[in-house]
Amino acid sequence: MVFNSIAFALFLPLVFCGYWFIFSRSVRWQNAFLIAASYFFYGWWDWRFLILLAFTSLVDFSVGYALNRSENPMHRRLLLGVTLVSNLSVLFFFKYFNFFADSVRELMAACGWRADFVTIKILLPVGISFYTFQSLSYTIDVYQRKMKGSENLIDFLAFVSFFPQLVAGPIERAPHMLPQFARQREFDYHQAVMGVRRILYGLFKKMVVADNLALLADQVFDHAGVFHGISSAIGILAFTFQIYCDFSGYSDIALGTARLFGFELIENFRAPYFSITLREFWRRWHISLSTWFRDYVYIPLGGNKVSTPRRIYNLFVTFVLSGLWHGAQWTFVIWGFIHWLFLAVEELMPGAPGSFVGRNARRVLTFIIVCLAWVFFRARTLQEALQMLYHTATRPNGGESISALLRATYHTELFAVYFFCVFMLFCILEWLMRKETFDLVVDRMPTLARRSSYLVLVVLIVFWGFKDSAPVFIYFKF
Amino acid sequence: MRRFLIKTFVFVAVASLVPAAILLWPVSKRYQYAFVRNDCAARSNYIYHRLYEDTTRVDIAFIGTSHTMCGVSDSIVNSVLKQEGIHARVANLAICRVGRNMDYVVIKDLLKTKKQPKLIVLEVKQEEPDLSHPDFGYRAEIEDVFFPQSAVDVQYFKDLAAAFNVRLNYVRDGITGRECDGEYEAPSLGIYRQKGIADSTVLYQGALRRWERYYNQPRAAWLDSLMLRYPKAYMSEIMKMAREVHTKVVLLYIPNYGYPWHKPRELAYYRGLADVYLMPDSFYDNKGNWIEDEHLNADGAAILSDSVAHYIARQLR
């Protein structure tokens, strides 16, 4: 069940009413109802995935429960090993088995050895990377004594399976979320209104901006040899904003939906494309994942408290793993590698420029680096990515014109003009929100302007957002 | 909570005006017929052209599914009728896929153009199709989508979504200056009316598949009766529309290959509405008449067209 579907539009009000009108008297019943709703939500894709979700939840709850009762370091390490092995092996099997089998086979073939590994047709469970990491962070935090393990299975199951953030994050931390499940929730009008606003804005970003940019990006990436120079660059830019709007739109809907049930999720994006440095970019992009890797990979490796070469090595491991987390393809690894490479350069040349011109020049440079990295993220193969970059850089006047690109994508140039106006509106909104939160910006608007903007968003969503077959959320693939 | 619910209700009500306005937006027939760009697109454009652009009259209209598309040659029917001394313009307005409500839409459009057909030859199969035609929502008038002829419409929302989709695209294309695709072209019948003969295995497997799916496991009688209310409501409406303009309706039986009883299951019902024309059993059993288990080949179409033309001649005298 995706957020921008009729099924979800029917599901959400029913769950909302059940949650606040039928089960509100008892927090345990509310959580149990959330579990049922979340399992229904997740099972909508494929009921078989529920077994995996339940397995992960039960193993990690058991490990946390056991860690609570164990002071023996060996025993605690063993329990940590159990959770790491169970979570990572599940992830490895479903996501990476065929990738590694194929890679080893190719490597052996390159060395002149023949290897016949069996590759299995494995269905990738939606959201496995997200809830596995979320559950794993819980057991690691309990092991590190950052929190006590949960003694309540219902609360824990609700925490892992909470449907607004189950399939594409934000990857929540137990110290932040579990207490919210443990306490009695009271309906808060302002929180609910902010939730609805966030959902509306998320739908606008996904259905209007991202899905229409996807048409342009797909046109260029799927016909890399046809579009060159500026046309190709436009395709790259289109994907840059598509992935941002798609993912941040999803996060907005997730945050807004969670608020309807009295929960606060962490912000996942803070205007990342306005970042001056790549370091700053990673503090603003997919915050829940980058902080996860920081806390559970980078810092345990030594973090910043080591020599510069060691720090750069730590960054390398972190970003290669981060790339791999996104998908079982070398292009994702290279994407992570590119980010590491430029982060390493920043490590060696620290300090952001102080002048206005310098800061903005650096901002543009960072944006360009991020865009270039996205080429590898989007391309299906390394060769395709290199071909895209080559055509963009070396044949500025070759290939089909921009006009031809827009007509091929949107059928008429007028559609492109209208969409460009909508896109500019979006950019203005994002500019306004670069230093303040969405809630603050909207709260400060005059009532008439705010209500008019709701209607404008609805009209835009209806006119531009409904397609015969809309692209799925990009991060569902991870 | 009360304040939140009231405000949400008001917001949803106001927001619903937008899709509601789109649903009620008048859309051109041209656009509706050209909208669905599937393998039936050329056929759909042809029907539009024949009804709305070709001003020649339609004296005899064949309405139905791809069974009629493949099984009836309007030129053969024309020439046989001429030999019989009847000068009539024949139009095969059958369209792919199955759904009695689509027959209703085409006949309604035909009668609206005031081509005044003398005779409508309406296809019937071994089973009366009890679901909505997949393209109904796109081509029907909005009132026909909102208020189907029967409350037993399991695909009501699907049709409503299709109606919304075509109108939304119509408005969007109007705003963005996108021209309506679907220039008239002679209908491509693809594999149809080809001279080939079906492979026996294909015929057998098709018949077997249908047998296992439908005949071997019949539905409960009450469910059958309930589901059939839907297409029968459209049949009644078709008969009523035809009566109002004094157009005669006859029913032509064109089944799939391999149906063992050689007559429609609802024969008694059909005979209560109109004459039912059945070919001899040997025609349906002759593998040489089929290109595959669903459709007649050119030879089969020639035999059927010739036979039904003589039948029509008798009807018109």
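Visitor: How many residues does the contact take from chain A and from chain B?
Guide: Contact here means heavy atoms within 4.5 Å. This is a predicted model, where local features need pLDDT of at least 70, side-chain atom pairs count only at pLDDT 80 or more, and totals for chains, interfaces and linings use all residues. Residues are numbered from 1 along each chain as its sequence is written. The contact takes 21 residues from chain B, and from chain A 25.

Visitor: What is the count of salt bridges between chain A and chain B?
Guide: You'd need a side-chain nitrogen of Lys or Arg within 4 Å of a carboxyl oxygen of Asp or Glu. Between chain A and chain B, the count is zero.

Visitor: Is H17(A) roughly parallel or roughly perpendicular to H18(A)?
Guide: Helix H17 (residues 402-410) and helix H18 (residues 413-432), both of chain A, have axes 8 Å apart and pack at about 90 degrees. Angles under 35 degrees count as roughly parallel, over 145 as roughly antiparallel, 65 to 115 as roughly perpendicular and the rest as oblique. So H17(A) and H18(A) are roughly perpendicular.

Terms used. Chains are lettered from A and ligands numbered from 1 in the order in which they are written. Side-chain values use heavy atoms; hydrogens and water are left out. Axes are lines fitted to C-alpha atoms, for helices over the stretch in contact, and angles run from 0 to 180 degrees between N-to-C directions. Helices (H or I, at least four residues) and strands (E, at least two) are DSSP runs, numbered from the N terminus.
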